[in-house]
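Dear colleague,

Please find below the structure that I am handing over to you. My notes on it follow.

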Amino acid sequence: MTFTPKTPAFEKAIKDSRNLKAKPDNDELLELYSLFKQGSQDPPFADAPKPGMFDLTGKAKYNAWKKVADEGMTYQQAQEKYVTLVNSLKEKYGFEG
């Protein structure tokens, strides 16, 4: 297993995402999830287990991450996009920090 470094901005965005005043909608949550997983690479997508047939939430999350991975997005790009997304969600929903 290789270690994927996390930028300080990415680490801060992870913490900030837990302090939004309102819950983002499902599409925003899936985007957050996919960028987080691609940015952290824990585990890398190729090693991630596929969800079961009846795990609809797991399938949605897996497919969102697969889309990002299939686009060839690097972990650095994913971390940058995650930070940008969290900052826009802080403006949209408010932030308790």
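**Findings**

Along its sequence, the protein follows the pattern α-α-α-α. It has four helices and zero strands; both are DSSP runs numbered from the N terminus, helices being H or I of at least four residues and strands E of at least two.

This is a predicted model, in which local features need pLDDT of at least 70 and side-chain atom pairs count only at pLDDT 80 or more, while totals for chains, interfaces and linings use all residues. Residues are numbered from 1 along each chain as its sequence is written, and side-chain values use heavy atoms, with hydrogens and water left out.

The C-alpha atoms fill a box of roughly 35 × 30 × 20 Å along the principal axes. Of the 97 residues, 35% count as buried, meaning under 20% relative accessible area (1.4 Å probe, protein chains only).

Gln79 is found in helix H4 (residues 75-93) and is buried, because its relative accessible area is 2%. A polar atom of the Gln79 side chain lies 2.9 Å from the backbone oxygen of Pro5. Beyond its neighbours within four places in sequence, Gln79 is in contact with Thr4, Pro5, Lys6, Thr7, Phe10 and Gly39, where contact means heavy atoms within 4.5 Å.

Yours sincerely

Technical notes
Buried means under 20% relative accessible area, exposed over 50%, partly exposed in between (1.4 Å probe, protein chains only). A polar contact is a pair of N or O atoms within 3.5 Å; within protein, one must be able to donate a hydrogen and the other to accept it, and residues adjacent in sequence count only if both atoms are side-chain atoms.
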